[in-house]
Amino acid sequence: MQYISKYNSPLGEIMMASDEVGLTGLWFVGQKYFGLYLEKNHEEKETPILKDTKRWLDIYFSGKEPDFRLPLHFIGTDFQKEVWDILYSIPYGKTMTYGSIANILAKRKGLKRMSAQAVGGAVSRNEISIIVPCHRVIGSNGSLTGYAGGIDKKIELLKLEKGYQDNFYKPKKV
């Protein structure tokens, strides 16, 4: 069973979902792929995981790096889960390119290379926005490509983390 709760962020309303294992979703209301893996029979309820998620978001939106990790329950393909695991490891205030993620995956699998486009597809379907920081993924030239919540939100999240300067983007790569 999944449980949901809402959070009012400075960037708009957020809906969160969890089950007994961990956080399963966090979306800006109305974003692309909103609730993609949300069970139809879910219940609105403040669970301990959702309360901790709100506390994490309060710290994050105050401009500080949260000092604790939340239990996560990724729902997706094995490939998506591998990509999301890498996303989860991108440090606060830093960025990583789609190509870098593809290179990490290729190395883990003993391959010469892997498609950055395939990585982009998995990144775009990340169900746990902000906490699994897909907003920290950028194009190889430093461009701010796609974000399911909208580029405007991606920019604001990077600014909040001090990873974005107005008028000229200089990524702080991992």
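Analyst: Helices here are DSSP runs of H or I with at least four residues, and strands are E runs with at least two, both numbered from the N terminus. On that basis the protein chain has five helices and six strands, and from the N terminus on its elements run β-β-β-β-α-α-β-α-α-β-α. The model is predicted, so local features need pLDDT of at least 70 and side-chain atom pairs count only at pLDDT 80 or more, while totals for chains, interfaces and linings use all residues. Residues are numbered from 1 along each chain as its sequence is written, and side-chain values use heavy atoms, with hydrogens and water left out.

User: Where is Ile130 found, and what makes Ile130 count as buried?

Analyst: Ile130 is in the loop between helix H4 (116–124) and strand S6 (137–138). A residue is called buried under 20% relative accessible area, exposed over 50% and partly exposed in between, with a 1.4 Å probe and protein chains only. Ile130 has 1% relative accessibility and therefore counts as buried. Although Ile130 is not a glycine, its phi is positive, at about 70 degrees. For the protein chain of 174 residues, 49% count as buried.

User: Why is the pair of Tyr60 and Phe61 called edge-to-face?

Analyst: Rings of Phe, Tyr and Trp (its six-membered ring) pair if their centres lie within 6.5 Å, and the planes then decide the name: under 30 degrees apart is stacked, over 60 is edge-to-face and the rest is tilted. By this rule there are five aromatic pairs. In one of them, Tyr60 and Phe61 lie 5.3 Å apart centre to centre with 85 degrees between their planes, which makes the pair edge-to-face. Tyr60 is buried at 0% relative accessibility, and Phe61 is buried at 14%.

User: What makes the pair of Phe74 and Trp84 tilted, and which parts does the pair tie together?

Analyst: Their ring centres are 5.7 Å apart and their planes stand at 55 degrees, so this pair is tilted. Phe74 lies in the loop between helix H1 (48–61) and helix H2 (78–88), while Trp84 belongs to helix H2, so the pair ties together parts that are 10 residues apart in sequence. Phe74 counts as buried at 17% relative accessibility, and Trp84 is buried with a relative accessible area of 1%.

User: How do you know that the charge of Arg69 sits over the ring of Tyr88?

Analyst: A charge sits over a ring if NZ of Lys or CZ of Arg is within 6 Å of the ring centre and within 35 degrees of the ring normal. The charged end of Arg69 is 3.8 Å from the centre of the Tyr88 ring and counts as sitting over it. Arg55 likewise lies over the face of Phe68, at 4.1 Å from the ring centre.

User: Where is Trp56 found, and which residues share its aromatic cluster?

Analyst: Trp56 is in helix H1 and is buried, with a relative accessible area of 8%. Tyr7, Trp56, Tyr60, Phe61 and Tyr92 form one aromatic cluster. Trp56 and Arg69 are 13 residues apart in sequence, with their C-alpha atoms 8.4 Å apart in space.

User: What makes the link between the side chains of Gln2 and Thr24 a polar contact?

Analyst: A polar contact is a pair of N or O atoms within 3.5 Å; within protein, one must be able to donate a hydrogen and the other to accept it, and residues adjacent in sequence count only if both atoms are side-chain atoms. The side chains of Gln2 and Thr24 make such a contact at 2.9 Å. Gln2 is in the segment before strand S1 (3–9), and Gln2 counts as buried at 1% relative accessibility.
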